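Here is a short note to read beside the model.

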Amino acid sequence: MFEVEKDWIDYNGHMNMAYYTVLFDRAADELFLEMKMGPDYALQRRLTIYTAEIHLSYIRELHLGHRVRVSSRLLDHDEKRLHLYQEIHHEDGWLAAACECMSLHVDMNGPKVSPFPHDIASIIETMQREHADLPPPERAGRSISIARR
């Protein structure tokens, strides 16, 4: 559970858009720890995760003191990439924002995109199977465009 902080509030009186990304990033770090790709992974193995692309949808304003939880799930992966989906929910249950992200596995010695080691790939495969049983997220796969008549 996270709480909206005073410094995150902008001149409009709600949480600034940048801090939604902060919350999504913090939750992704927790997911990467679960996948055994946290700070120790970067330090000891010189391998890490970089964000390649994100798509955020702001659905409902958050305000100072609001308490939220962020859910994260693995939608897909290949030998070098993770396709993640996340949502921020207010503690009362309503959806505040959604984020879809493409992350790259990077060898820090390059840096260059590189395949996941076998032990990590196994963890990712297990998570993918677990998350595959979840219903597809309604907001995943959206693109940005202006509908013309």
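How many aromatic pairs does the count come to?

1. Two aromatic pairs. Here rings of Phe, Tyr and Trp (its six-membered ring) pair if their centres lie within 6.5 Å; planes under 30 degrees apart are stacked, over 60 edge-to-face, the rest tilted. This is a predicted model: local features need pLDDT of at least 70, side-chain atom pairs 80 or more, while totals for chains, interfaces and linings use all residues. Residues are numbered from 1 along each chain as its sequence is written, and side-chain values use heavy atoms, without hydrogens and water.

2. The centres of the Trp8 and Tyr19 rings are 5.4 Å apart and their planes lie at 10 degrees, so this pair is stacked. Trp8 sits in the loop between β1 (2-3) and α1 (17-34), and Tyr19 in helix α1. Trp8 is buried at 4% relative accessible area; Tyr19 is partly exposed at 26%. (Buried is under 20%, exposed over 50%, partly exposed in between, with a 1.4 Å probe and protein chains only.)

3. Tyr20 and Tyr58 pair edge-to-face, 5.0 Å centre to centre with 80 degrees between the planes. Tyr20 is in helix α1 and Tyr58 in strand β2, 38 residues apart. Tyr20 is buried at 4%; Tyr58 is partly exposed at 40%.

4. The charged end of Arg60 sits over the Trp94 ring, 4.0 Å from its centre. The rule: NZ of Lys or CZ of Arg within 6 Å of the ring centre and within 35 degrees of the ring normal.

Methods:
Helices (H or I, at least four residues) and strands (E, at least two) are DSSP runs, numbered from the N terminus.
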